[in-house]
Amino acid sequence: ERTLGRGRGVIVLVPEIALTPQTVDRFQARFGDTVALLHSGLSDGERYDEWRRLRTGEARVAVGPRSAVFAPVADLGLVVVDEEHDSSYKHEGDPRYDARRVAEWRARTAGATLLLGSATPRPESWHQRRRLTLSHRVDDQRLPPVRVLDMRGSAHALHPETRRALTGARKSILMLNRRGWSNFLTCRSCGKAWECPQCDVALVLHRSQNAIACHHCGHRERVPQACDACGSLAVARHGAGTERLEAELAEALDVPVFRLDADTAAAKDAVARLLESFGAADAGVLVGTQMVAKGHDFPDVSLGVVVDADSTLHFPDFRAEERTFSLIAQLAGRAGRGAQGGRVLVQTASPDAPVIARAARHDSAGFLREELERRRALRYPPFADLVRVVCSSEDRAAARAAIAEVADAIRPLEAAADAELLGPAPLFRLRGRDRYQLVVKAGRRDAAVGAVGAAVDGVAQRRAHRQVAFSVDVDPQ
Ligand SMILES: [Zn+2]
Ligand SMILES: [Zn+2]
């Protein structure tokens, strides 16, 4: 408000408009016609109108997802990135960009203030920025107590205590980061596993669609009634996804069950309608992927459940701890926002993992301190910058030869960029293409980006590699 009062413009980035209708409503209610809303649902004509209103100064606040960072706001005074930890700020398509870096650049060149907001800031933001801490939760409620439930040896997707808590709660949110009914199918007789013919991953059962589907390339098949390798009729289904959990909860509970994941969110306005129904319901359960943890405000939700905290924790990625902490904390932020309070249950087979213990105590500062120490020791961001190169080809040998040449071309430049080369290592086959990657950890960002770019350009130009696709990703997520 103060920035607008001085006559300067504002950009507000939000993770995904469809998932944050409440945030957008609040802005429009407060600032009315001076708000230009930019999102992917706009037609070209509507988008043009909003851009024109910004350019002429008729609108001075641009609100939108990552692409709104390019909005033509005149005399920019403030750039806000709401939920700055959200992975949707990184655009993985062409062109690759991280809206948070662009926001930083726009703020710097315009002499504007950059404000990053999050209940679970990224370690690099925490390390690099000045901090403002709110002394209390916006709704003035205390954060709900979190209990960690040991799932070792448990055959069922829900711990007995979770089931008891669900029966006692009027409104709850359950998060399970897996879509579909079962994660994978195998033959009980010969052990065959159903995999995508294009990617080295298991096909996921979607029962309502009578299909098994690849979540990476979209390949689909009818649900097999028999094993095509040995003819056995005994096909086993393993693991539980959101679709199955929804069905089991609907069976066990007397309240309506709502499911929010990429399958139910596909239709236009489906998310807004779903969230509205859950909000209006007297009692109910909202079950879904991490979409359920994204900043929704339902004051009467008293129970939050992280069904499988291990799904992010055991991911082979330096951000595994950060993501796990963030998901637990974000879900905890959804529960107990009303006067009746609430609680959170975290199901995990790693109850002693330090990150889970920190999250259960709402100890953000402790987590960030430990995580930054770990990253400093291992030289991960913010103590180094990462650049990733991927070579892919339908011909495995060609992809491997290309990445080896890229590695050879980068190695002599390691010293100048204060860099260290990791790999090359194979990635799983995707869309019929074998892939290899290498990662450069660099102390000098610009030198490393330049060196890697030059090395890749040199190798990619060679005729021998014409069947290979090269990609360079700075700050891979
Ligand atoms: Zn078989
Ligand atoms: Zn596939």
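Gly 304 lies in strand β17, which spans residues 303-306, and the model in which this residue is placed is a predicted one. Because its relative accessibility is 1%, and buried means under 20%, Gly 304 counts as buried.

**Surroundings of Gly 304**

- Leaving aside residues up to four places away in sequence, Gly 304 touches Ile 173, Leu 331, Ala 335, Arg 343, Val 344 and Leu 345.
- Gly 304 and Val 389 are separated by 85 residues in sequence, and their C-alpha atoms are 39 Å apart in space.

**The antiparallel sheet around β19**

- An open sheet is formed by four strands, which follow one another in the order β20-β21-β19-β22 with antiparallel pairing.
- The edges of this sheet are taken by β20 (419-430) and β22, and since each of them has a single partner strand, one side of each is left without a neighbour in the sheet.
- Direction ignored, neighbouring strands of this sheet are turned against each other by 20° on average.
- Strand β19, made up of residues 385-393, is mostly covered, with eight of its nine residues buried.
- The pairing of β19 with strand β21 (residues 433-442) is antiparallel and runs over nine bridges, and within it Ser 392 has Arg 435 of β21 as its bridge partner.
- The pairing of β19 with strand β22 (residues 469-474) is likewise antiparallel and runs over six bridges, with Val 389 standing opposite Val 472 of β22.
- As a general point, side chains in a regular strand alternate between the two faces of the sheet.

**Helix α13, the sheet and helix α14**

- Helix α13 packs on the sheet formed by β20, β21, β19 and β22, where α13 touches β19, β20, β21 and β22 and has a direction that makes about 15° with that of β21.
- The axis of α13 (residues 396-410) comes within 9 Å of the axis of helix α14 (residues 445-460), and the two cross at roughly 135°.
- Angles over 145 degrees would count as roughly antiparallel and those from 65 to 115 as roughly perpendicular, and α13 and α14 are therefore oblique to each other.
- The crossing in which α13 passes α14 is right-handed.
- On the α13 side, the residues that meet α14 are Ala 402, Glu 405, Val 406, Ala 409 and Ile 410, while on the α14 side they are Val 452, Ala 455, Val 456 and Val 459.
- Sorted by class, this contact of α13 with α14 comprises eight nonpolar residues, one charged residue and no polar residues.

**The parallel strands around β4**

- Strand β4, which covers residues 76-82, has six of its seven residues buried, so this strand is largely enclosed by the rest of the structure.
- Strand β1 (residues 9-13) pairs with β4 in the parallel sense over five bridges, and in this pairing the bridge partner of Gly 9 is Leu 76 of β4.
- Strand β7 (residues 113-117) also pairs with β4 in the parallel sense over five bridges, and here Val 81 stands opposite Leu 116 of β7.

Conventions. Residues numbered from 1 in each chain as written. Chains lettered and ligands numbered in written order. Predicted model: local features only at pLDDT ≥ 70, side-chain atom pairs only at ≥ 80, totals over all residues. Heavy atoms only, no water. Axes fitted to C-alpha atoms, helices over the stretch in contact; angles between N-to-C directions. Parallel < 35°, antiparallel > 145°, perpendicular 65-115°, else oblique. Left-handed = near helix turned anticlockwise from the far one by under 90°. Contact = heavy atoms within 4.5 Å. Nonpolar A, V, L, I, M, F, W, Y, C, P; charged D, E, K, R; others polar. Buried < 20%, exposed > 50% of the residue type's maximum accessible area, 1.4 Å probe, protein only. Pairing = 2+ DSSP bridges.
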